[in-house]
Amino acid sequence: MFSENDLVARSKEDMAAEVAELLADAKRLKEEHEAALQKEMELRARSVESRPADAALAEKLWQEAEELRDAAKEMLRVSMEKRLRAGDVQHRIDIHDQIESMDTSDEVWRKATGARRS
């Protein structure tokens, strides 16, 4: 699940852009998944309706529906991977923000303790 981007120091803005891109891709894939499932149901209905008149057409439609179902599963899998990846990158952003806030507080604390001594 790691990529080459994980091994390169990146700015917070780059990581935020990656999160936005991953979530947009995941959303698009989820919508395509839902559309494919809808089309699969339509193909199966047409297959059942055409079975008495043309068994070969019915079988062809059924096979198309099966292939569409497999493609829809893959779209959903990739969508979930992208969501997980986006969550991981967002977690890194959150950690980065926490570290930055700690660094600032440490500096303020050092200044405050130094001011008391003088």
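Helices here are DSSP runs of H or I with at least four residues, strands are DSSP runs of E with at least two, and both are numbered from the N terminus. By that count, the chain has 2 helices and 0 strands.

A quick word on where this comes from. This is a predicted model, so local features need pLDDT of at least 70 and side-chain atom pairs count only at pLDDT 80 or more, while totals for chains, interfaces and linings use all residues. Residues are numbered from 1 along each chain as its sequence is written, and side-chain values use heavy atoms, with hydrogens and water left out.

**The chain overall**

Of its 118 residues, 22% count as buried. Buried means under 20% relative accessible area, exposed means over 50%, and partly exposed is in between (1.4 Å probe, protein chains only). The accessible surface of the chain comes to about 8,700 Å², and carbon and sulfur atoms hold 57% of that; the areas come from the Shrake-Rupley method with a 1.4 Å probe, and for residues only the protein chains shown count as cover. As for contacts (heavy atoms within 4.5 Å), take those between residues at least 6 apart in sequence: 75% of them join residues at least 24 apart.

**What sits inside**

A nonpolar core is a set of buried Ala, Val, Leu, Ile, Met, Phe, Trp, Tyr and Cys residues joined through side-chain atoms within 4.5 Å. The largest one has 8 residues: Leu29, Ala36, Leu43, Leu61, Ala65, Leu68, Ala72 and Met75. Helix H1 (12–50) and helix H2 (55–117) are the elements that give two or more residues to this core, and H2 gives the most, with 5 residues. There's also a second, separate core of 6 residues, including Met15, Leu22, Val89 and Ile93.

Setting aside neighbours within four places in sequence, Met75 is in contact with Leu29, Glu32, His33 and Ala36. Leu68 lies in helix H2 and, not counting residues up to four places away in sequence, touches Ala36, Lys39, Glu40 and Leu43.

**Charged pairs**

Side chains of opposite charge can pair when their charged atoms come close. A salt bridge here is a side-chain nitrogen of Lys or Arg within 4 Å of a carboxyl oxygen of Asp or Glu, and the count comes to 13 salt bridges. Three of them are set out below.

| Pair | Closest N and O atoms |
|---|---|
| Lys12 and Asp97 | 2.8 Å |
| Asp25 and Lys82 | 3.5 Å |

Lys82 counts as partly exposed, at 21% relative accessibility.

Arg44 in helix H1 and Glu66 in helix H2 are 22 residues apart. Is Arg44 buried or exposed? At 12% relative accessibility, Arg44 counts as buried, whereas Glu66 is partly exposed at 29%.

Beyond these pairs, Arg10, Glu18, Arg85, Asp88 and Arg92 are linked in a network of salt bridges.
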